[in-house]
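Subject: Structure handover

Hello,

Here is the structure you are taking over, with the sequence alongside. My notes on the sheets, the helices packed on them and the salt bridges follow below.

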Amino acid sequence: MKPKVVVTRKVPDRAIELLAPHCELDVWPEEEAPIPREVLERKIRDADGLYCLLTDTVDRTLLDLAPRLRIISNMAVGYNNIDVAEATRRNIMVTNTPDVLTETTADLTFALLMAAARRITEAERFLRDGKWKTWSPMLLTGQDVYGATLGIIGLGRIGSAVARRARGYDMRVLYHATRRNEQAERELGVRYAGLDELLAESDFVVIMTPLTPQTRNLIGARELALMKPTAVLVNAARGGIVDERALYDALKEGRIWAAGLDVFEEEPVPTDHPLLSLPNVTALPHIGSASVRTRTRMAELAAENLLDGLAGRVPKCLVNREVADGRG
Ligand code: DGY
């Protein structure tokens, strides 16, 4: 009998082509609506594998309903939607999709940085709203990117890819991370800084760290107060890392210049969210990795991870290695 796999969304065809010969698939067919929790709770009861997205919360309650579950394959590099400790305790493998999205996400992060610095979306709105009456010396002036100081919080794969892009703009790059990375310092020409120093010296602060209990609200009122009034904050990692209320106040009062946000505490962000009322916020709907090629590759990799796990092989992108080592 083939293992049963629940797929929580319509995913690229390529993933289904890979899975179908080996699994009995139960696919939630919607593209733009997550699987309702009660439906997932029903379907998970006899599932051997779960192919899920960052919009699905895989917590203890769900795992309690899934006695047969052997692997949770998340089609994302981030996995804060999954209670990994709980999965590990039950010997359930958790996998993600790193590497394949690194460059695409770094492209978007840099685009967001440039858009916020040069007021791109605000300027386009201005034009479309018929407000452009004449060229004028200080109209829609922003901040220079070239030659500026960039501070990257979290120098992992995507953070390093952002640092490489910054070299093309002659930027001085600082980074803050839990551990100093001397190899990256040599290869990328970046300099380690304490968080407060990075915040105080940077013209652009880019958040590239995962959301964990330690990074939740890492950037709050105190941290924002350390930034320059001309500084731009960019978050393309996870919403919970920045205290949105404190960010709103800082932007509204001109204590920092602008923000570029691809992620929010609550997603989809409500359209009446205070941050969306500010002209100095460039906001995107969590599209960091959204190129056709990368999303297809992520879908494929998530399928490969799942098939490996179900076949008793160690998946390439296993998050909780303890399970494969028999230490779960
Ligand atoms: C991820 O993979 O974690 C991104 O947020 C979506 O690509």
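Please keep in mind that this is a predicted model. I start with helix H7, residues 157-167, which lies across strands S6 and S7. Its direction is at about 170 degrees to S6. Strand S7 covers residues 172-176.

The sheet with S6 and S7

S6 and S7 belong to an open sheet of seven strands. The order is S8-S7-S6-S9-S10-S11-S12, and the pairing is parallel. At the edges stand S8 (191-192) and S12 (281-283); each has a single partner strand, so one side of each is left without a neighbour in the sheet.

Within this sheet, S9 (residues 204-207) and S10 (residues 232-235) run parallel and are joined by four bridges. If you want a place to look on screen, Val 206 stands opposite Val 234 in S10.

The five-stranded sheet

There is also an open sheet of five strands, in the order S2-S1-S3-S4-S5, again with parallel pairing. Its edge strands are S2 (24-27) and S5 (93-95), each of which pairs on one side only. From one strand to the next, the twist averages 15 degrees.

S3 (residues 49-52) and S4 (residues 71-74) run parallel, with four bridges between them. Here Leu 50 stands opposite Ile 72 in S4.

The helix lying across S1 (4-7), S3, S4 and S5 is H12, residues 292-310. H12 runs at about 170 degrees to S4.

Salt bridges

Side chains of opposite charge can pair when their charged atoms come close. The count for this model comes to 33 salt bridges. I describe a few of them here.

Arg 14 has a relative accessibility of 34% and counts as partly exposed. Glu 300, at 16%, counts as buried, because the limit for that is under 20%. Both residues are also part of a network of salt bridges that links Arg 14, Glu 17, Arg 297, Glu 300 and Glu 304.

Next is the pair of Glu 185 and Arg 180, whose closest N and O atoms are 2.7 Å apart. Glu 185 is buried, with a relative accessible area of 14%.

The last pair is Arg 222 with Asp 196, where the side chains meet in a salt bridge at 2.8 Å, N to O. Arg 222 lies in helix H10 (residues 221-226) and Asp 196 in helix H9 (residues 195-201), so the pair ties together parts that are 26 residues apart in sequence. Both residues count as partly exposed: Arg 222 has a relative accessibility of 47%, and Asp 196 has one of 35%.

That is the end of my notes.

Regards

Terms used
Residues numbered from 1 in each chain as written. Predicted model: local features only at pLDDT ≥ 70, side-chain atom pairs only at ≥ 80, totals over all residues. Heavy atoms only, no water. Pairing = 2+ DSSP bridges. Helix = DSSP H or I, 4+ residues; strand = E, 2+ residues; numbered from the N terminus. Axes fitted to C-alpha atoms, helices over the stretch in contact; angles between N-to-C directions. Contact = heavy atoms within 4.5 Å. Salt bridge = Lys/Arg side-chain N within 4 Å of Asp/Glu carboxyl O. Buried < 20%, exposed > 50% of the residue type's maximum accessible area, 1.4 Å probe, protein only.
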